[in-house]
Amino acid sequence: MGLLRTIFAVSAAAACLLAAGASADERTESGWPWVGKNADRMEIRFGGAFYDTGPATDHDEDGFVANGEVLFPSPDFLSPIGSPRPYLGADVAFVENGATPVHVAYAGLNWQVHWSQRFYTAASLGGSINNADMNNPSPNHWGVGCNLLFHIGVSAGIDVTERVSLEAYANHFSNANQCFSNGGLESSGLRVGLKF
């Protein structure tokens with residue numbers, strides 16, 4: 001599992017660094033990729049995911065996650081690092097077999113790269129807070145290690161219209177070995193985005 005977590009983290013970090021390597025204005029009219037295409041727009045994303053499911057999870061519990069995010073326009077001072085958009089998000093979990101779910105609120109910066117007019121990938125990097133009870137024997141509660149965790153998110157999507165997108169995504173919450181356990185918590189699913 002340690003190798004998978006490392007691969008996931010390195011992939012997300014590489015995507016962020018790739019996006020940070022160019023400002024939103026550096027795309028030529030005939031060339032791709034286009035970094036920061038939607039940097040000046042607000043966006044609301046909502047969808048659902050499988051609970052405790054992802055590339056680095058132990059999948060100790062089954063359930064569903066309702067996900068929502070709000071992405072804000074990128075401030076001008078962030079243009080030198082690829083015009084990432086600040087975001088706020090939440091995962092509300094519904095767990096089977098009477099287990100106590102771990103709900104998460106998170107925030108950070110989201111870099112988006114369009115590889116064509118409609119197809120894009122994105123990476124998010126930030127922090128989170130969760131409601132896990134560290135005294136509860138639930139595997140996920142012990143696995144997250146502490147209530148303040150890092151957030152790494154990755155997604156790939158398509159702009160269905162100028163305002164509407166559909167994307168597959170994965171969220172990873174982990175403490176980077178800062179707490180007694182680093183099992184982490186993940187969700188993977190689909191969501192819709194509405195841009196304003």
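The legends below describe close-up views of a predicted model, in which local features need pLDDT of at least 70, side-chain atom pairs count only at pLDDT 80 or more, and totals for chains, interfaces and linings use all residues. Residues are numbered from 1 along each chain as its sequence is written, and side-chain values use heavy atoms, with hydrogens and water left out.

**View 1. The largest nonpolar core has 18 residues.** Such a core is a set of buried Ala, Val, Leu, Ile, Met, Phe, Trp, Tyr and Cys residues joined through side-chain atoms within 4.5 Å, where buried means under 20% relative accessible area (1.4 Å probe, protein chains only). The residues with the most contacts inside this core are Y51, V102, V104, V144 and L185.

**View 2. R45, E43 and R85 are linked by salt bridges.** A salt bridge is a side-chain nitrogen of Lys or Arg within 4 Å of a carboxyl oxygen of Asp or Glu. The closest N and O atoms are 3.3 Å apart between R45 and E43, and 2.9 Å apart between E43 and R85. R45 and E43 are both buried, and R85 is buried as well.

**View 3. R191 forms a salt bridge with E69.** The closest N and O atoms of this pair are 3.2 Å apart. R191 is buried, with a relative accessible area of 5%, and E69 is buried too, at 2%. Salt bridges that share partners join E43, R45, E69, R85, E167 and R191 into one network.

**View 4. The charged end of R191 sits over the ring of Y169.** This charged end is 4.0 Å from the ring centre, the rule being that NZ of Lys or CZ of Arg lies within 6 Å of the centre and within 35 degrees of the ring normal.

Notes
Buried < 20%, exposed > 50% of the residue type's maximum accessible area, 1.4 Å probe, protein only.
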